Amino acid sequence: MNLAELLADLRTRQDEATARATELRARIEELAADLAEAEMRLTDLATARKIIAEITPAGTEPEPPETNTTYQAIVNAFNQHPDQEFRARELHELLGMPTDEASVNITRSRLGRLTRQGFLTQPGRGRYQKRT
């Protein structure tokens with residue numbers, strides 16, 4: 001490679017690097033604009049929360065969202081019948097859940113997890129009861 005070719009190659013590489021730097025600067029400007037917009041939105045939301053908190057009468061708390069998950073429904077059933085043992089299928093019938101085998105197997109897994117976490121005991125094979 002002679003000197004002219006080397007200089008031409010270096011010039012090509014420099015042009016490519018310059019083009020890449022220009023692209024990155026443009027992306028940075030776009031991201032900075034997006035960030036500024038997001039920060040303004042955050043400020044607006046914080047202000048709205050502050051104003052609502054100030055005008056809400058003291059002692060008035062918002063109602064918690066519905067959290068009746070399947071786990072909660074299972075735990076509630078055991079809380080309502082603390083001395084009763086249940087099989088997974090019986091729980092499904094009590095809670096009005098589908099009794100197909102796949103759904104019952106998922107509940108068996110959930111009951112096993114609740115047992116390992118200490119919420120339930122397993123007095124017999126396939127039977128579960130609230131821990132007392």
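Helices of at least four residues and strands of at least two were taken as DSSP runs and numbered from the N terminus. In the predicted model, the secondary structure of the protein chain amounts to 4 helices and 2 strands. Read from the N terminus, these elements follow the order α-α-α-α-β-β. The chain is more spread out than a compact globule, because its radius of gyration is 32 Å, well over the 14 Å that the globule rule gives for 132 residues. The C-alpha trace spans about 90 × 55 × 25 Å along its principal axes.

Of the 132 residues, 14% count as buried. The accessible surface of the protein chain comes to about 10600 Å², of which carbon and sulfur atoms supply 54%. Among contacts between residues at least 6 apart in sequence, 38% join residues at least 24 apart.

Two residues were examined individually. Leu6 lies in helix H1, which comprises residues 3-55. Its relative accessibility is 37%, so Leu6 counts as partly exposed, the limits of that class being 20% and 50%. Together with Met1, Leu3, Leu7 and Leu10, Leu6 makes a nonpolar surface patch of about 560 Å².

His92 belongs to helix H3, formed by residues 88-95. With a relative accessible area of 1%, His92 is buried, as the class requires a value under 20%. When residues up to four places away in sequence are not counted, His92 touches Met97, Pro98, Thr99, Ser103, Val104 and Thr107.

Key:
Residues numbered from 1 in each chain as written. Predicted model: local features only at pLDDT ≥ 70, side-chain atom pairs only at ≥ 80, totals over all residues. Heavy atoms only, no water. Patch = residues over 30% accessible without salt bridge, like charges linked within 9 Å, V, L, I, M, F, W, Y side chains within 5 Å. Areas by Shrake-Rupley, 256 points an atom, 1.4 Å probe, with all protein chains shown as cover. Salt bridge = Lys/Arg side-chain N within 4 Å of Asp/Glu carboxyl O. Buried < 20%, exposed > 50% of the residue type's maximum accessible area, 1.4 Å probe, protein only. Contact = heavy atoms within 4.5 Å. Rg over C-alpha atoms; globule rule 2.2 N^0.38 Å.
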